[in-house]
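Reader: I am new to this structure and would like to know what stands behind the words used for it. Please show it first, and then I will ask.

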Amino acid sequence: MSAERASRPTVVVTRPADQAGVWVQGVHAAGWPVLALPLIEIVPAADPPALRAAVADWTDLDAAMFVSPAAVGALRQAAVPAPAPGLRCWAPGTGTVRALLDWGVARAAIDHPPADAAQMDSEALWSVVGPQVRRGHRLLIVRGVSANGHAGRDWLLERCRGAGATVRTVVAYRRQPPVWDATRRAEAARAVADGTVWLFSSSEAVGHLRDLLPQAAWSRARAIATHPRIAEAARALGFGEVRTCRPTLPDVVQALESSP
C-alpha cells in the first residue's frame, strides 16, 4: 500500500447493501480505503402476486417513473416483467438508469437528467420529461415507503397532476433502519470520531445513523452528501464538516480529493 493511500481517511458507503457494491469498488479503485455500512435496509412491501397485480402489464400507461434502483429491484424480485416496448421509463439518477438497463429496458426508452445536470433529482428530471405530460397522460410511479409510512417527496407527482396527467403510485419496497450488533455499533462509533468520511445519499440514512448512535458527539464527524437537502440533514445532526457533490463516482472522488 502506498504512503498516500495509507494516509487517506476511510470512506463509509451508507447506501443499501444491494446498491453499495459499485460504490465500494469505485471508491477503492480511486485509492481510498472503504467501509460498507448500509444505513437503510430494503425489504419487499407486498407479496409478489400483489405487486404484479398492481403493476399489471404496463399496457395502460404512457410512462412509469422508478424512484430508485430499489424500485426496479423490488419489481424484478417479484418477477414483474420488464416494461413493454414503447413505454417511457423515467429515472432520477444514474443508479436507476443502470438498474433499468440491467432489467432489459432499452436505453432509448429511458428518460433521465442530463449528465451535466447540477443535481440528479425530481426537478432535473422534470426538465426532461415535462414536455411529455399532457391532459390524459397516464403515469405510474414505483416507489418505497419508510418505516413510518412516509413515501418521500411528491414534487414531481404534483407537477404531473397539475399538467393534467392521471398518476397512480405503487409501493414496491420498504426502507427501514439496519439492525446492528455490538461490533457494528462500535465500528460506527469509531468512524464518527476518527476522521472517517461518511458518504450519504439519503437524508433518511442520516436520521437512521442519529437513532442508532444517540449518544454520539458529531462535531468531529465528516460527511460528503450527494444533494443539498442531505447536506442540510447532516449539518442539522451536528456533523462538523459537510461537503456536497453530485451523486456520481467522479464527483464523489473529486470531493474526496479536495477535502482538507
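Reader: What order and what pairing does the open sheet of five strands have?

Author: In this predicted model, the order of that sheet is 2-1-9-10-11, and the pairing is parallel.

Reader: Why are strand 2 and strand 11 said to stand at the edges?

Author: Strand 2 (34–36) and strand 11 (241–244) each have a single partner strand, so one side of each is left without a neighbour in the sheet. Neighbouring strands of this sheet are turned against each other by 25 degrees on average, direction ignored.

Reader: How do you know that strand 1 and strand 9 pair?

Author: Two strands pair if there are at least two bridges between them. Strand 1 (residues 11–13) and strand 9 (residues 197–200) have three bridges, in the parallel sense, and so they meet the cut-off. Val13 has Leu199 of strand 9 as its bridge partner.

Reader: Which strands does helix 11 touch as it packs on this sheet?

Author: Helix 11 (residues 249–257) touches strand 1, strand 9, strand 10 (222–225) and strand 11. The direction of helix 11 makes about 150 degrees with that of strand 10.

Reader: What is the order of the open sheet of six strands, and what is its pairing?

Author: The six strands have the order 3-8-7-4-5-6, and their pairing is mixed. Strand 3 (41–44) and strand 6 are at the edges because each has a single partner strand, which leaves one side of each without a neighbour in the sheet.

Reader: What makes strand 3 and strand 8 a pair?

Author: The cut-off is at least two bridges. Strand 3 and strand 8 have four bridges, in the antiparallel sense, and therefore count as paired. Within strand 8, Arg175 is the bridge partner of Ile42.

Reader: Why is His137 called buried?

Author: Buried means under 20% relative accessible area. His137 has 2% relative accessibility, so it counts as buried. His137 lies in the loop between helix 6 (122–129) and strand 7. Leaving aside neighbours within four places in sequence, His137 is in contact with Asp62, Ala63, Trp90, Gln132, Gly164, Ala165 and Thr166.

Reader: And why is Ala79 called exposed?

Author: Exposed means over 50%. Ala79 has a relative accessible area of 54%, so it is exposed. Ala79 is placed in the loop between helix 4 and strand 5. The phi of Ala79 is near 65 degrees, a positive value in a residue other than glycine.

Reader: Which residues of helix 6 are buried, and what covers them?

Author: Ser122, Ala124, Leu125, Trp126 and Val129 are buried in helix 6. Their cover includes strand 4 (63–66), strand 5 (88–90), strand 6 (110–111) and helix 7.

Reader: Which residues of helix 7 are buried?

Author: In helix 7 (155–162), the buried residues are Trp155, Leu156, Leu157 and Cys160. These residues pack against strand 4, strand 5, helix 6, strand 7 and strand 8. Just after helix 7, Gly164 has a positive phi of about 100 degrees.

Reader: What volume does the largest pocket have, and what lines it?

Author: The largest pocket holds about 1200 Å³ of space. Its lining has 43 residues, and Val67, Ser68, Pro92, Ser201 and Ser202 lie nearest its centre. Helix 5 gives the most to this lining, with four residues. By class, 18 residues of the lining are nonpolar, 16 are polar and nine are charged.

Reader: What is known of the second largest pocket?

Author: The second largest pocket has a volume of about 300 Å³. It is lined by 14 residues, of which Asp18, Gln19, Pro69, Gly95 and Ala99 are the closest to its centre. Helix 4 supplies the largest share of this lining, five residues. The lining divides into six nonpolar, three polar and five charged residues.

Notes: Residues are numbered from 1 along each chain as its sequence is written. This is a predicted model: local features need pLDDT of at least 70, side-chain atom pairs count only at pLDDT 80 or more; totals for chains, interfaces and linings use all residues. Side-chain values use heavy atoms; hydrogens and water are left out. On a 1 Å grid over the protein atoms alone, a cavity is a set of points where a 1.4 Å probe fits but cannot get out, and a pocket is an open set with protein on both sides within 12 Å along at least five of seven lines; lining residues have an atom within 4 Å of a point. Grid points are joined across faces, edges and corners, and a volume is the space filled by probe spheres set on the points. Helices (H or I, at least four residues) and strands (E, at least two) are DSSP runs, numbered from the N terminus. Ala, Val, Leu, Ile, Met, Phe, Trp, Tyr, Cys and Pro count as nonpolar, Asp, Glu, Lys and Arg as charged, and the others, Gly among them, as polar. Buried means under 20% relative accessible area, exposed over 50%, partly exposed in between (1.4 Å probe, protein chains only). Contact means heavy atoms within 4.5 Å. Axes are lines fitted to C-alpha atoms, for helices over the stretch in contact, and angles run from 0 to 180 degrees between N-to-C directions.
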